[in-house]
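My entries follow in the order in which I checked things.

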Amino acid sequence: MTTRPRPLLAVVYDAGSVPAGEIGSGLDELGEVVFLVPPGSAHVEQMRPVMELLGEVRELTGAPERDAELVRALRPDALLTFSEGMIRTAAELGAACGLPGHSPRTARLFTDKALQRRALREAGVERTRTRLVESPDAWPSALSAVGLPAIVKPVTGWCSRDTYSMRTPAEAEAAWAAVTEATASAGWSPFVVEEFFEGRPSGPFGDYVSVESACTRDGVVHFALTGKTPVMPPFRGTGRIWPSPLPADEEAEILGLVTRALEAVGGGRGLTHTEVKLTPDGPRVIEINGRISGYVNMMARESCGVDLVRAAGLIALDRDPELRPFEFGGRVHFQYNNLAPLYPCRLERVYGAERVRALPGVTAYRNFVRPGDELSGTSQTMTLDTVSGVCDSHESVIRTIEAARAALDFEFRSARGVHRVNGLELQGDREEDVSPHGSIRA
């Protein structure tokens, strides 16, 4: 039993999390915060001054037993994480302290795509052809068993890192070359080959959705089904829409599928984000994630006045998260992200921000990358900014997003010089398209 006047919430924190400032404001009402951070994280060092304003910061060692002793000595009343890379660590520390949360087994199923597919298949939730590539020698047999079209992605990864589609033998060869190049410096890590889900025609929207859920002591609550804007190559998400443009009967089918999927992996305690492909044969689970997606908390606060960090804190304290299906009052809310180019470059300047903010339907425009920042150019999703807004219809949302993209220009410096790219051209902005004169070839 603790004798402190307010509960202590331990947050296992690293890159890819809900911003530290949102964690602090979301949990402030519930108790005191201590951030548990991994050693040697560049992101943690960058954010340490912010975290120290919000609570105590304690560094983990990476040794499970020593870290469990450290956390037990703190005697937290709750332990949680919002970072994909720390889901397993948080589950193990929570279990060692007897605190509610995702179990270590469920955390592993959330973060191991091969094991997750097996659990879904054994529970009869889905039938996706999948093969694990544990070593380079296993690639030919895995590709042969799954067949084309297929997709290859890391067993453990996020933000579309090192994820490639393969429709032809030539594309399979190119994908394998990219995979081996990506793992050459850090050493081999396992990949999975899966059958590729052909999406049904869904334009101007994306051919997939996501379901935002809370796994609580009383069961699963789905509080939002998120519509999407089309992805950018290779598989980088660009935007979110509430409510989705789907009819009610299809939404119900998708929510039923996600409920069964969460039950198959054990559910656990916490917030989840499940991506679902819309195919001609019905919805198919892409993957389940054991945390809030990217900017969903920001969107929930702006559109519904709901703080999902606070809800996650309540779940971790074994209390009612007070989450119900979101109501949007007959209006359509959106976020859209412009993404960095798929080649190494540096952002020099952004033009048109004030024009975007003045557009009807736009409520906010925020930059996440500053002039002078270096962009790696990898397949991993890297957002340059976000446009937030609310409109009277889904059609108005698409028009507003296109107007915002058209109003923006981004100036990048790459190996081929300085060039300026309009927001509408970012999706096709490749280094080979950069002309010697610093513009994008038509």
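I count two strands as paired if DSSP finds at least two bridges between them. Strands (E, at least two residues) and helices (H or I, at least four) are DSSP runs, numbered from the N terminus.

Ground rules. This is a predicted model, where local features need pLDDT of at least 70, side-chain atom pairs count only at pLDDT 80 or more, and totals for chains, interfaces and linings use all residues. I number residues from 1 along each chain as its sequence is written, and side-chain values use heavy atoms, with hydrogens and water left out.

I looked up an open sheet of 4 strands and found the order β17-β15-β19-β20, paired antiparallel. β17 (374-375) and β20 (417-422) are its edge strands, each pairing on one side only. Inside the sheet, β15 (345-351) and β19 (409-414) run antiparallel over 5 bridges. I traced R349 to its bridge partner in β19, which is E411.

Entry 2, another sheet. I found an open antiparallel sheet of 4 strands in the order β5-β8-β6-β7. Why does one side of β5 and of β7 lack a neighbour in the sheet? β5 (130-133) and β7 (164-166) are at the edges and have a single partner strand each, so one side stays without a neighbour. Neighbouring strands here are turned by 20 degrees against each other on average, direction ignored. β6 (150-154) pairs with β7 in the antiparallel sense over 3 bridges, and I151 stands opposite S165 of β7. Helix α8 (169-184) packs on this sheet and touches β6, β7 and β8 (191-195), its direction making about 155 degrees with that of β7. Contact is heavy atoms within 4.5 Å; axes are lines fitted to C-alpha atoms, for helices over the stretch in contact, and angles run from 0 to 180 degrees between N-to-C directions.

A nonpolar core is a set of buried Ala, Val, Leu, Ile, Met, Phe, Trp, Tyr and Cys residues joined through side-chain atoms within 4.5 Å. Buried means under 20% relative accessible area, exposed over 50%, partly exposed in between (1.4 Å probe, protein chains only). The largest core has 38 residues, and those with the most contacts inside it include Y13, F35 and F326. Its largest share, 7 residues, comes from α11. I listed what F326 touches beyond four places in sequence: F223, A224, W242, A300, C304, V306 and L308. A second, separate core of 30 residues includes F334, L339, V369 and I401.

I found V296, N297, M298, M299, A300 and S303 buried. Just after α10, G305 takes a positive phi of about 70 degrees.
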